[in-house]
Amino acid sequence: MKPILSARRLEKRFGAVVAADALSIDIAAGQKVSLIGANGAGKTTFVNMVTGYLKPDSGSIALDGMNIGRRSPRHVAELGISRSFQIPQLFIDLTAAENLAVAVSGTHPRALSFHSPAEAHGRRDKALELLERFGLADLADRPISELAGGVRKLVDIAMALVRRPRLLLLDEPTSGVSAEEKFATMDRVIHAVAPDAATIVFVEHDMEIVSRYADRVVAFYQGRILADGDPRDVLNDPEVRRYVTGGAQ
Amino acid sequence: MNSFLTIVLDGLIQASWLFIVALGLTLVFGVLKILNIAHGSFYALGAYIAATAVTFVAAHSLPPSVGFVAMLASVALIASAVGLLLERGLLKMFYGRDEVVLLLVTYAVFLILEDVTKLIWGVNPIYATQPYELFGNVAFAGLYYVGYDLLLMPISAAVGFAVWFGLNRTVTGKIVLAVIHNEEMSVSMGVRVNRVYAVAFAFGVLLAALAGALTAPKISMQPGLSSDVIILSFAIVVIGGLGSVEGAAVGAILVGLARAASVHLVPQAELFMIYLIMAGVLMFRPEGLFKREAARRI
Amino acid sequence: MKHGRLHPLVMIALVVAATLFGRILPTWTLSLATVAASNALIALGIVILARTGNVSFGQGLFFAAGGYGVALIANAWGVTDAVAQMVIGAVCGGLLGLVIGPLIARYSGIFFGMLTLALSMVLYGALVKSSALGGSDGFNVGRPSLFGMVFVDPREADFMLYAVSVVTTGLAGIAATILFRSELGLASLAVRENNLRIEYLGISANRVITINFIIAAVFAGASGAFALMAQRHIDPQFAYWTTSGEFVFVAVLAGYQSVAAVFVASLALELVRSFSNLYLPNTWQLVLGVFLLGVILFLPRGIGSLWIREKRKRSKPAAATPAAVRKGVAL
C-alpha cells in the first residue's frame, strides 16, 4: 500500500545532540501510530520536521509523493497535515469559540477580510460544532485563560481538526491529564477525530494509552528508530524495554 | 590618503565614547531585558554634572587636573545613586510586564529627566572646556590632534577590557552572565536576581554618565543632547546585537566611522548613513551581528 | 473583545453632533480639538497595529510623508482643498506603508519598534539636510480652502478645519470598529497572542500585520496632512522620534479595546498640554512622563478599560507565548 507520509533518511542535529539520525518512516493511510521514547529521543523533533517548524539537515519528507521537507508550517497545514502541541498553543485572551473561529478563518485565508464579521453564522456554527464534539460547548464563551490545562489540551486538538487534515499529529495528547481521566480524554479525542482524520500519529509516554489506542508503535532512541511494528511486539522488544519503557512492568 | 586617516582616527575617537554609552545600554538589556530609552538622559546627566564639577573647580581656581578628577568622581557617585534609586524605586514595579511596556516606562523616565535637567541647568548651552586642554595637542601624520581626544581611545579600551574581565573572570561576572543567558536556571541555583538587576542597572547608568562626563569638555550641553545620544546608541546595540558586549564594540566602531566618513565626505547624510547601516543589518541579521536566534520550544 | 455594540448610524450621528458642537466651542478650544482629532487619527492607527502585538515607534515617518507630500503638491499644483489635501496625505502615507509594511512585518517586539523608529529617523536625517525642503526650518504653506470656498474669517477657517478633521477621524473610527469586529480583527488579536499557532492554522501572520500596518500608515499620512493644515508650516520635527513617542503615548493611554478611548485620550493629552503650558511652563515633558507612568501603573489596559466591561482578566500567557519570541523562528 502506498504510504501517505514517507520520511527518508532524516538528519537533524542541535550542536552535539543528534535529534534525528537517518530516520526513515512510512505511514499508511488509516493507521494510528504511536511514537514512544524517552525525552530527547527525537519524537517531537520528528513532528516538528514533518510540520515544517524545523528543517531537516538532510533527508526528505513526502506527503503523497510530494516533497514537503522545505515547506513552512503554513504550507504544510494547507497541504493537509495538522498538529496539536505538547504545550497547548492557544490565543489565551480569546474565548474557546474565538480560538476555533480563527482556525476556521484559516481555511480560507485569502478571504480574511475587513468586512466579514468574525462571528458570522457559518463560522460560529463550525466552531461550536467542533467544541461540541469535544464536549466543550458550555465553555465556548470562556476565555482560554480561565480554562484548565486538560480543557486547553482539547481546544488545541480541536483547532488542529478544523482543516479536516489527512494526517493528524498529536504531541502528547494526555500529558497534564490526571491518571483517572486519561482514558476518558483519549476516548474523547479518538471519537472526535474519527470523522475528520483517518490517519493519526501521536507522541505518547503512557504505555497503557499506547497499547490501547495504537495499531502501530514506533520506538525512538537517540534520534534512531529502535523498533517499529505491532504494539505488542514493540512493547515486548527487549531493547525497547531496556531503553524506552525502562523494563517497568 | 590623508583624509582616509583622518576619517579613521576621527571615527575611532567617536567610537570610543559611543562604545562606553552603548556598553551600558547593552548590559542593561542583557540582564534586565529592558531597552532603556532613558539611557541617553543618563549620558546627558553625566555631562551636566561633570560641567558643574569642572566649573566649580575652576571657580575656586584649582588646577584643571583636579577638575578632571572631580568630574569623574562626582559623576560616578551621583550616577550610581540615581541608577539604584530608579531601579529599586520605579522599574521594579514593572517587572514581568511586556517588554514594550518596559520600553514605555523608560520613555516616561526619559521625558521626566529631560525636563529635570532643564529645571536644574536651564536651556542655555553650558560649557566645561577646561580639562580639554589638559593633555595638549599631538601632531600625528601631519595632522594635529587634541591629546584629550586621543586619550579617549585607551580609556574606552580599558573600560571595555574591565567589563569583559569582570564578566568572564570574576565570580560576580559569572553570576551576571548566568542571569543574562538563563534567568530561570540561575534563580533555581540560588542567584538573587533582584540584586543583580539593581547592580547591573546602576552600572549601566554609570557607564552612560561616565561617557557623558568624558565628552563634556568637548561639547556644549543643551537640551536635545540625550535624545541625539540615545538614537546613536540604539543604532549601535541593534547593529551589534542587543545584549552583546562584542557587538557593542563593533557597532560603536561602525557607527563612529560612518559618522566621521559622512562628516568628511557627505555631511548631509550623517544620521541617514547610520540608520541605513542599522536597517541593512536588521534586514539580513534580524538579531544583530553578534547574536544567535534562539528557537522556541513547542 | 466586547465592544459597545453601537449601530453604525448612531456612530454617524455622533460624528455629526461632534462636528456641529464645534460651532459653539470658543476659538482656543476649537484649534485644540482639531489637533486632538488629528492626533487621534494617527494614534488610532497605532492602536490598530498594536492589536497585532506590534507597537510602532516611528509613525512620524508616515506623518511626515503625508505632511511633506501634501505641502509639496499643494505648493506645486496649487491644491488648497482641505479634503483633497487629506486624501493626498493618506495616499502618500499609504504608498510608503505599502513599500515598508511587507519588509517590516517579519519583526516583532522591540525590534519592530526600533526598526520603525530607525526608518523615521532616516527620513528625519534626510529632511534636516535637504535644503530644497527648507532643511531644519521647513517651509510654510497657504491656508486650505474647502470645495472652492475660501475662508477669510479665521474663526470660520478654524471651524472648517475642525469639521473636516472631526469627520475624517470619526469615519476612520467607524471603520476601525468594523475592523475590530471583523475576521481580520480577530486574526490580528490571534497574531498578537500566538504568532506561531496562527501559521499552523494556515494564516500568514506577516500578511495580517502588513494589512494593519498599511491601514496605520494611511491614517498617519492623513493625520500629517491635518497637522500641516493646522500649522500651515512643516519641518523635519514631523519625523522626529519624540513626535512619534507622543502618538504612542495617546495609544497607550487609550488601550486597545475601544475606539472611543482613542479620542478621549487624545483630547485629554491636548488639555493637559495646554494647561501645563499655561501653568507649568517648561515642564510639559515632566508632566507627560508622570502621566504616562501613572497610566501604565494604574490603567494598564488604558482608559478604554474604564467603560469596557472587563470580562477577561489580564493573564500572562504561560511559557507558551512570550511576546518577545520572534515569529517564524525556523521559517
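In the predicted model described here, 38 residues of chain C are in contact with 38 residues of chain B, two residues being in contact if their C-beta atoms, placed from the backbone, lie within 7 Å. Three helices of chain C, namely α5 (109-129), α10 (241-254) and α12 (284-298), each supply at least two residues of the side that touches chain B, and α5(C) gives the largest share, with 14 residues. Helices (H or I, at least four residues) and strands (E, at least two) are DSSP runs, numbered from the N terminus. By class, the side of chain C that touches chain B has 27 nonpolar, 9 polar and 2 charged residues, where Ala, Val, Leu, Ile, Met, Phe, Trp, Tyr, Cys and Pro count as nonpolar, Asp, Glu, Lys and Arg as charged, and the others, Gly among them, as polar.

The model is predicted, and local features need pLDDT of at least 70, side-chain atom pairs count only at pLDDT 80 or more, and totals for chains, interfaces and linings use all residues. Residues are numbered from 1 along each chain as its sequence is written, while chains are lettered from A and ligands numbered from 1 in the order in which they are written.

The secondary structure of chain C comes to 13 helices and 2 strands. Of the 331 residues in chain C, 57% are buried; a residue is buried if 20 or more other C-beta atoms lie within 10 Å of its own, exposed if 12 or fewer, and partly exposed in between, with C-beta atoms placed from the backbone. Within chain C, the axes of helix α7 (residues 183-193) and helix α9 (residues 205-231) come within 10 Å and cross at roughly 115°, axes being lines fitted to C-alpha atoms, for helices over the stretch in contact, and angles running from 0 to 180 degrees between N-to-C directions. At this crossing, C:L184, C:A187, C:S188 and C:V191 in α7(C) meet C:A205, C:V208, C:I209, C:I211 and C:N212 in α9(C), and these residues divide into 7 nonpolar, 2 polar and no charged.

In chain B, the 23 residues of helix α4 (residues 99-121) should span 33 Å at 1.5 Å a residue, and the end C-alpha atoms are 32 Å apart, which agrees; the expected span is 1.5 Å times one less than the number of residues. Because 17 of the 23 residues of α4(B) are buried, this helix is largely enclosed by the rest of the structure. Just after α4(B), B:G122 takes a positive phi of about 80°. Elsewhere in chain B, B:V191 is found in the loop between α7 (183-188) and α8 (193-215), and B:V191 is partly exposed, with 16 other C-beta atoms within 10 Å.

Chain A contains an open sheet of 6 strands in the order β6-β7-β8-β3-β9-β10, with mixed pairing, two strands being paired if DSSP finds at least two bridges between them. The edge strands are β6 (81-83) and β10 of chain A, each of which pairs on one side only. Strands β7 (residues 167-171) and β8 (residues 199-203) of chain A pair in the parallel sense over 5 bridges, and the bridge partner of A:L170 in β8(A) is A:F202. By contrast, β9 (residues 216-221) and β10 (residues 224-229) of chain A run antiparallel and are joined by 5 bridges, with A:F220 opposite A:I225 in β10(A). β9(A) and β10(A) form a hairpin with 2 residues between them, and A:Q222 in the turn has a positive phi of about 50°.
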